[in-house]
Amino acid sequence: MKKVLVFFVCLLFVQVRVMAQDIQVQPSPRQVNVTGKSMTIPVAFRLVGEQEANPHAIALLKQFLGDRLGTEGFSLYVGEKGDRAVRGAKRLIPDHPEGYYLSITDKAIMLAGNDERGTYYAVRTFMQLFHEGHLPFVRIQDYPDVRFRGVVEGFYGTPWSHEARLRQLRFYGENKLNTYIYGPKDDPFHSSPNWRKPYPAKEAARLAELVKVANENEVDFVWAIHPGLDIRWETSDRDSLMAKFEHMYDLGVRSFAVFFDDISGEGAKADRQVELLNYIDDHFVQVKPDVTPLIVCPTEYNKGWARPESGYLATIGEKLNPSVEVMWTGDRVISEITKEGVEWIREQIKRPSYIWWNFPVSDYVRDHLLLGEVYGNGKDIAGSISGFVANPMEWAE
């Protein structure tokens with residue numbers, strides 16, 4: 001009897017383990033309900049909702065399913081909340097930005113986003129559920145804790161190659177990261193001396209390709225400018241910056257940042273920075289309906305460098321337009337991010353901070369790689385930050 005019992009317990013363990021393997025998704029969804037075992041992946045799928053759904057999600061789905069898609073087959077419903085194809089799931093879709101509801105039953109598959117990016121993420125999860133010829137019967141509800149998630153290429157040293165950036169953008173899409181901030185310090189057209197000039201044709205074409213691939217992977221390509229080293233607080237330089245932003249907008253960029261980090265002198269004056277940033281926000285960002293909120297990296301970007309007597313952070317908090325995102329590296333330049341730390345800066349800048357996490361950046365120690373476990377970051381900080389981007393090494397992979 002004991003042998004029989006052990007056998008069935010082991011069998012149950014194996015079945016549970018197999019089912020768990022079937023629903024391994026990265027990043028882990030917020031809520032997963034397994035409603036049965038699994039089914040053999042259908043030979044053919046009938047796509048419903050193609051005309052209304054996010055075109056990037058549809059293109060990805062078509063690429064993934066290939067010859068399995070046809071006019072007949074297992075029903076696969078795709079769309080955003082309110083679309084006819086997913087109307088039946090309206091109440092099940094999380095009411096959060098980028099949220100989605102996914103269900104797989106023996107009758108149909110439903111991929112329903114709260115918005116277009118949510119639909120794209122539902123497709124990404126669906127793709128990961130394919131496991132050894134089977135699909136699990138499952139219901140998933142998911143949405144991110146933090147609005148902006150990804151990478152800032154903001155290190156000193158050799159910038160990434162064009163090919164590396166293309167690979168990175170596809171990797172971000174696969175893993176539901178939605179932000180790439182382009183700000184390599186050694187790009188002369190990002191910083192001094194040529195930030196006032198438009199990119200030459202060859203470089204401009206490459207940036208346009210990056211924007212295109214970012215859009216296809218539902219990643220915001222954020223182009224950053226670093227003018228503080230030699231900026232003149234005159235109308236001519238303000239107009240030059242606005243013209244550069246228009247130039248980048250014409251290349252397809254819809255997300256922008258201004259970096260005032262690692263500077264001193266005239267460029268580091270808080271009141272002047274705020275005046276310029278508010279002008280950009282009022283006359284560029286707010287008048288273009290498809291542009292995301294402006295981002296700034298302040299000169300005092302960590303607690304160790306903050307000088308309350310200077311009034312710098314107080315000026316940022318009190319006078320900067322509330323829609324502008326403010327970046328922060330933590331208690332130091334290289335620092336773990338804690339609840340206490342993000343609450344401190346929130347008091348200063350009167351808004352949640354946008355974390356620029358200097359990990360695993362190695363531009364300050366170039367004789368070896370910085371590799372190891374991640375530790376020390378608070379798991380309770382999501383409600384106190386608006387974004388979280390890591391600053392990596394010059395080796396993109």
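Two strands count as paired if DSSP finds at least two bridges between them. Helices (H or I, at least four residues) and strands (E, at least two) are DSSP runs, numbered from the N terminus.

This is a predicted model, in which local features need pLDDT of at least 70 and side-chain atom pairs count only at pLDDT 80 or more, while totals for chains, interfaces and linings use all residues. Residues are numbered from 1 along each chain as its sequence is written, and side-chain values use heavy atoms, with hydrogens and water left out.

**Stop 1**

Select Trp328 and Ile355: the latter, in β14, is the bridge partner of the former. Now colour β14 (residues 353–357) by burial, where buried means under 20% relative accessible area, exposed over 50%, and partly exposed in between (1.4 Å probe, protein chains only). Because 5 of its 5 residues are buried, β14 is largely enclosed by the rest of the structure. Ser353, Ile355 and Trp357 are buried on one side, and Tyr354 and Trp356 on the other.

**Stop 2: the cavities**

On a 1 Å grid over the protein atoms alone, a cavity is a set of points where a 1.4 Å probe fits but cannot get out, and a pocket is an open set with protein on both sides within 12 Å along at least five of seven lines; lining residues have an atom within 4 Å of a point. Grid points are joined across faces, edges and corners, and a volume is the space filled by probe spheres set on the points.

The whole structure holds 3 cavities of 30 Å³ or more. Then select Tyr354, which lines the largest cavity together with Phe148, Thr179, Asp220, Val222, Ser255, Thr292, Pro293 and Ile295. The volume there is about 60 Å³.

**Stop 3: the largest pocket**

Next, show the largest pocket, with a volume of about 1,400 Å³. Of its 43 lining residues, Gln26, Arg149, Gly150, Leu177 and Phe388 are the closest to the centre. The elements giving two or more residues to the lining are β8 (148–153), α4 (162–174) and β15 (385–390); β15 gives the most, with 4 residues.

**Stop 4: the seven-stranded sheet**

Move to the open sheet of 7 strands, ordered β1-β7-β5-β6-β4-β2-β3 with mixed pairing. β1 (31–40) and β3 (69–70) stand at the edges with a single partner strand each, so one side of each has no neighbour in the sheet. Inside the sheet order, β5 (residues 100–104) and β7 (residues 134–142) pair in the antiparallel sense over 5 bridges. Leu102 has Ile140 of β7 as its bridge partner.

Select Val78 in β4. Val78 counts as buried because its relative accessibility is 0%. Its contacts (heavy atoms within 4.5 Å) beyond four places in sequence include Leu47, Val48, Leu111 and Thr119.

**Stop 5: helix α7**

Finish on helix α7 (residues 270–285), whose buried residues include Ala270, Val274, Leu277, Asp281 and Phe284. The buried residues of α7 pack against α6 (235–250), β11 (255–259), β12 (295–297) and α8 (312–319).
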